[in-house]
Amino acid sequence: MSKFKNGIQGEPQQQVKEMVGMLSIHAAPQSLHDFAKNIAMHAAAAEPAAPSRPVRSRMKRRLVGVAFGTVAVAILLFSAQVSPAFASLVQYIPGFSVASDWLATLRTGDGVQNAGNHEYRPFQPVVLSFGDTKVSLSDVYLTSDRLVYKVFVQSDKISGSVTTWPDGTPGIDYSNAGYHVTSKDFPSAGAGGVMKLIHDEQTGEPILVLPTEQQLSPQQVADFLAGNPSKLSFTFYEPQAGSAIPLKHSLDVPFDKSQWKQDQIIPQQASIPVTVHSEQRAIEVQEVKITPLSTYIILHLNNKNQSLLDIDWSNPSIELTDNAGGTYQFKGYTSLNSVPGRSNSGSDTIRLEFASSPYFSKQADQLNLKIGHVQLSEVGSFSLAMDEMLPKLILFSGKQMLLTESRYEDGFLKLKLKQDAQNRMSIDFNIPGYMAKVLQSQELYDKFYAGNRDQAGFAQNILQAQEGRGEYEVWIAAPEQKQYEVEIINAVTQREQVQVNQQVELRVR
């Protein structure tokens, strides 16, 4: 199975360790969020493993307690009916009989359907057999920022591993059917996906589907193309009975560099007015990027006061259409130019991502972006000398709190604070410069994360306001020093939702 956020490297045992903390909350499919409702039951006895290399602090903290076992059961089952309208597409999954409308839905979500509809299929699918295991690698696309592929696996091990969880939901015992695929050409690039279990339309046999989107940098892609490649190479890992070490098989997909398509990047000068606390601000649309699979739009919050721009992933209120009748599914967003080590990795600039694109459409020359609401978080800070007299009043977000005690202990700056019961605030406390070092050091990461995950330590940099409670203690990972500059940000639960209700037209031709 592919690793979910910050790179695939090393042997499978190491890769499994790296899975925890790699899910991108912004871009996670809704099906994964639905599944998460039952995570506690499925993986109650499992423990999280520390990743082999640091990842963004937001991911680490949000996923303390998410377990290795959770990845093993993140399987979604589908009942699919064949639609004749998509029957011609089945041939692109050699060796399997797959319900075409289910496959079309899956392909619509990653943009492959639109590309295939316009006869853009730069890679030929391959199918190989290893004993009783049959593998098909298809829907392989390389753009300037990602590698997309789907792996279909059929095996007696899978047939014997289908199970039903105590809550009645179907799943698969991944410990007996732990198949996964990694890219040899981009071994250290982040990847993500949600495994799916379907059934062959003709034989009824279960098929494990591993759809993967691997995040790449333009430089990685440029370096790969500079070598005039004729193929893309993958490693297929197959579990073997009685051994923790899986079998390795090579999978190569022919690649025709002459068919590779460049992105279309169109600068924009559109602006959307926003009113925040009677203050006029603007969300500037800076750029539209169109790839054969996706559409990206960069938004920048032009604000005098330092605020962070976010989208409510549970109710994004974002719509994108074109003037030719096309609609584009919102997939998520990424914060750009964020401060290294910032507790929530936010910034005033974000990149929206949409499935599919008008890349191949001659009629679509205008995109219409509609934004219902956005979320804003205020950023502040305060100075603290360890020898200064306390209590100390701290003003933030139009409210105040009282710092009553400070001490340095066990690698943490520990603060006691009081809030007025009628003016409670939930706040992230952080020292970005130091946290950036923690995230780049395996030794520091293990000290603050792996060694404290079962205590009240690492995640306690967040003051989570509770009704009827006035006094709190927060622990902030910090070096021992005499003076600190502590950054404070509205916690996720207290981001301010700001109504926009505007539509802007964007020219793309």
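Helices (H or I, at least four residues) and strands (E, at least two) are DSSP runs, numbered from the N terminus. Two strands pair if DSSP finds at least two bridges between them.

**Before you start**

This is a predicted model: local features need pLDDT of at least 70, side-chain atom pairs count only at pLDDT 80 or more, and totals for chains, interfaces and linings use all residues. Residues are numbered from 1 along each chain as its sequence is written, and side-chain values use heavy atoms, with hydrogens and water left out.

**Stop 1: the whole protein**

Show everything as a cartoon. The protein has 11 helices and 29 strands. Of its 509 residues, 55% count as buried. Buried means under 20% relative accessible area, exposed over 50%, and partly exposed in between (1.4 Å probe, protein chains only). Now consider contacts, meaning heavy atoms within 4.5 Å. Among those between residues at least 6 apart in sequence, 70% join residues at least 24 apart.

**Stop 2: helix α6**

Select residues 100-110. Helix α6 is largely enclosed by the rest of the structure, because eight of its 11 residues are buried. Colour these buried ones: Ser 100, Trp 102, Leu 103, Ala 104, Leu 106, Arg 107, Gly 109 and Asp 110. Step on to Gly 111, which follows α6 and has a positive phi, near 85°.

**Stop 3: a three-stranded sheet**

Select β7, β11 and β12. They form an open sheet in the order β7-β11-β12, with antiparallel pairing. The edge strands are β7 (180-183) and β12 (247-254), each pairing on one side only. Neighbouring strands here are turned by 30° against each other on average, direction ignored. For angles, axes are lines fitted to C-alpha atoms (for helices, over the stretch in contact), and values run from 0 to 180 degrees between N-to-C directions.

Zoom in on β11 (residues 231-238). Eight bridges join β11 to β12, and the two run antiparallel. Which residue of β12 stands opposite Phe 234? Leu 251 does.

**Stop 4: the β13-β14 hairpin**

Strand β13 (residues 264-276) and strand β14 (residues 279-290) pair in the antiparallel sense over 11 bridges. Val 274 stands opposite Arg 281 in β14. Two residues lie between the strands of this hairpin, and His 277 takes a positive phi near 50°.

**Stop 5: His 300**

Move to strand β15 (residues 294-302), where His 300 lies. Is His 300 buried or exposed? His 300 is buried, with a relative accessible area of 17%. Val 285 is 15 residues away in sequence and 6.6 Å away in space, C-alpha to C-alpha. Leaving out residues up to four places away in sequence, His 300 touches Ala 282, Ile 283, Glu 284, Gln 286, Asp 348 and Thr 349. Draw a distance between the side chains of His 300 and Thr 349: they make a polar contact at 2.9 Å. A polar contact is a pair of N or O atoms within 3.5 Å; within protein, one must be able to donate a hydrogen and the other to accept it, and residues adjacent in sequence count only if both atoms are side-chain atoms.

**Stop 6: the nonpolar cores**

A nonpolar core is a set of buried Ala, Val, Leu, Ile, Met, Phe, Trp, Tyr and Cys residues joined through side-chain atoms within 4.5 Å. The largest has 40 residues; those with the most contacts inside it are Ile 297, Leu 299, Leu 352, Phe 354, Leu 369 and Leu 506. Centre on Leu 506. Beyond four places in sequence, its contacts include Ala 270, Val 285, Ile 297 and Leu 369. A second, separate core of 33 residues includes Ala 177, Met 195, Leu 225 and Leu 232.

**Stop 7: strand β16**

Select residues 307-310. Ser 307 and Leu 309 point one way from β16, Leu 308 and Asp 310 the other way, and all are buried. Four bridges join β16 to strand β21 (residues 366-385), running antiparallel. Leu 308 stands opposite Ser 377 in β21.

**Stop 8: backbone exceptions**

Most residues other than glycine have a negative phi, and most peptide bonds are trans. Go to Ser 317, in the loop between β16 and β17 (318-322). Ser 317 has a positive phi of about 55° and is partly exposed at 25% relative accessibility. Ser 397 sits in the loop between β22 and β23 (399-409). Its phi is also positive, about 55°, and Ser 397 is partly exposed, at 29%. Finish at Pro 391, in the loop between β21 and β22 (392-396). The peptide bond from Leu 390 to Pro 391 is cis, with omega near 15°.
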